[in-house]
Amino acid sequence: MLSEAHLQRIEELKQRYQKPQSLILEVLWMLQEEHGWISEEGMKYAAGLLGMPEHHVFGVVTFYTMFNKKPVGRHKIEVCTNISCMLRNSDRILEHLERRLNIRPGETTPDNRFTLVEAECLGSCGTAPAMQVGDEYYENLDEAKIDMILSELT
Amino acid sequence: MEPLLLPPIPDLHRIEVYEAHGGYAMLRKALEMQPDDIIEEVKKSNLRGRGGACFPAGLKWSFMPKKTDKPKYLCVNGDESEPGTFKDRQIFECNPHLMIEGAIIAAHAVGAGMVYLYVRGEYIKWIRMVQRAVDEAYAKGYLGQSILGSTVNVEFTIHRGAGAYICGEESSLMNSIEGERGYPRVKPPFPAQNGLWGCPTTINNVETIANVPIILRLGGEAYAKIGHPKHPGPLLVGVSGHVNKPGVYEMPTGVLLTEIIEKYAGGVPGNKRIKAVIPGGSSTKIIRGDALEGVTMDADGLLAAGSSVGTAGMVVMDEDTDLIRVISRITHFYHHESCGQCTPCREGTGWMFKILKRFENSEARAADIDLLLDIANNIEGNTVCALGDAAAWPVQSMIERFRDEFERRVKEPASRLPAPTAAA
């Protein structure tokens, strides 16, 4: 389920830890990058790759919020609504996104383009309000900026 | 004070630029020093941890056993997930080599052959920036085996988290590196005795580690004279919320909070009055706007004001802020991030959030204020790690200092009764 390049990277990284199990987050990140989410099949694969019990992998996947436990849209939009963003109107940002995408947090657009999620503090308090889409941070948001970002995310 | 952690030098993140400004000279110096002498210098500097607990860094290093046949480890904590905190990100972006140099010196001092830098999963952009810097340092021979021809070996590995505030707690961080769920461990034993894979481990915050080359450059005694004598050094203060110029500002410890807000962060928009300030990340106790006068940004100053310096992530709230909504949002965060191991935290944070929702909706009972306080008091001190305390302190301080805000949201019992009918 993982590319040769990723598998080779895992072999290299194994030298840096006492036990292969330390690489579980890294393997899950790779699975998510290649498949978009962590399926049950993916968890079994990770368990086999690192010699871990399957239930342990399940425990790890469900502990960390950034792993998608079900398929998501092409672009997962995570809007920070924690205090620093809240004080700088993240309410309006979230409402605008809900209106534009016609979905509620936790939902995916029917064309599978966007998933909208409410996020905990992203560490962008000085550039609030902020959101993360994939690896990218978008900061100092307002409605116009969001419209521009949405038009660019095809 | 000249900025020491984040000097305004263009392209300082590139190793040639960093070297041109004296970068890695302190590593060369440290390689010629005995590990104990480095620890002694850091003790003299009185450097205290910048991750929230203010623990003396030199003392922490001295807990590492000298004679052991086990490998030793250094973890650098870049989980940075406390709401209101965004300072380590600046170091990753603008001055990553200062942290890397500090980590190599610290590893040499405590005898660690491997540094793990743990970074929150959301910061993937910054992880890539730091990885580039680490690769540069390897290429120059500052990292790896026989560093600069010495007998010192230090490897450096970035470990990416995946969205869990609790992994910033040191024992939880270690469990996460070991591939476990990020549950905090019962202490003692402390990491210096029983850390990663049961081996001696030291864990320091990113900013703490970035101070190490500065200490060697200035000398511990001169460093100790910067800022507040009991909590000295340069400090990265993040200011967010209702200010004109939010951002991370470097200053000596001991600056007045009012000066930070007015001078550094450009004051409050519309010249509104300040209703409240959270001084050091969302877990630190809230301070009333009318009690800000004379309070300084250092461990003693904030202790005297009934709060703590935490991560120095200040959140400023103007007079129009709905504080009930603020405390409800903060409590939602701790409820969401509770790892679920300890009952008081797992259940208590949820109960507090439910009650706070009642206040938010103006549906609370008068007795709910004391019920809330009772729950907070029963979480504090009764959990394996400090997340329980972190959830209790904001609630306790909000009730203590803004009780009227809660009282105003109480729905009178009489108004809840059905209107009397004619027959009655």
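How far apart do the C-alpha centres of domain 1 of chain A and domain 2 of chain A lie? The separation of the two centres is 29 Å. Domain 1 of chain A covers 4–63 and domain 2 covers 75–152, with bounds from an automatic or database domain assignment.

This is a predicted model, in which local features need pLDDT of at least 70 and side-chain atom pairs count only at pLDDT 80 or more, while totals for chains, interfaces and linings use all residues. Residues are numbered from 1 along each chain as its sequence is written, and chains are lettered from A and ligands numbered from 1 in the order in which they are written.

## Helix pairs

Helices (H or I, at least four residues) and strands (E, at least two) are DSSP runs, numbered from the N terminus. The table lists two helix pairs; axes are lines fitted to C-alpha atoms, for helices over the stretch in contact, and angles run from 0 to 180 degrees between N-to-C directions.

| Helix pair | Axes | Angle |
|---|---|---|
| Helix 2 and helix 3 (residues 40–50) of chain A | within 10 Å | roughly 140 degrees |
| Helix 15 (residues 343–360) and helix 16 (residues 368–379) of chain B | 10 Å apart | about 160 degrees |

Angles under 35 degrees count as roughly parallel, over 145 as roughly antiparallel, 65 to 115 as roughly perpendicular and the rest as oblique. Helix 2 and helix 3 of chain A are therefore oblique to each other, and helix 15 and helix 16 of chain B are therefore roughly antiparallel.

A crossing is left-handed if the near helix is turned anticlockwise from the far one by less than a right angle, and right-handed if clockwise. Helix 2 of chain A passes helix 3 of chain A in a right-handed crossing, and the crossing of helix 15 and helix 16 of chain B is left-handed.

Residues of helix 2 of chain A that meet helix 3 of chain A include Val27(A), Leu28(A) and Leu31(A). The residues of this contact divide into 7 nonpolar, 2 polar and no charged; Ala, Val, Leu, Ile, Met, Phe, Trp, Tyr, Cys and Pro count as nonpolar, Asp, Glu, Lys and Arg as charged, and the others, Gly among them, as polar.

## Contact between the chains

Two residues are in contact if their C-beta atoms, placed from the backbone, lie within 7 Å. The contact takes 32 residues from chain A and 43 residues from chain B. On the side of chain A that touches chain B, the largest share, 5 residues, comes from helix 2 of chain A. That side divides into 17 nonpolar, 11 polar and 4 charged residues.

## Sheets of chain B

Two strands pair if DSSP finds at least two bridges between them. An open sheet of 4 strands in chain B has the order 3-2-1-4 with parallel pairing. Strand 3 (155–160) and strand 4 (201–205) of chain B each have a single partner strand, so one side of each is left without a neighbour in the sheet. Strand 1 (residues 73–78) and strand 2 (residues 114–119) of chain B pair over 6 bridges, and Cys75(B) stands opposite Tyr116(B). Helix 6 (residues 96–110) of chain B packs on this sheet, touching strand 1, strand 2, strand 3 and strand 4 of chain B.

Another open sheet of chain B has 5 strands in the order 8-7-11-9-10, with mixed pairing. Its edge strands are strand 8 (247–252) and strand 10 (287–288) of chain B. Strand 9 (residues 274–278) of chain B runs antiparallel to strand 10 of chain B, joined by 2 bridges, and Val277(B) stands opposite Ile287(B).
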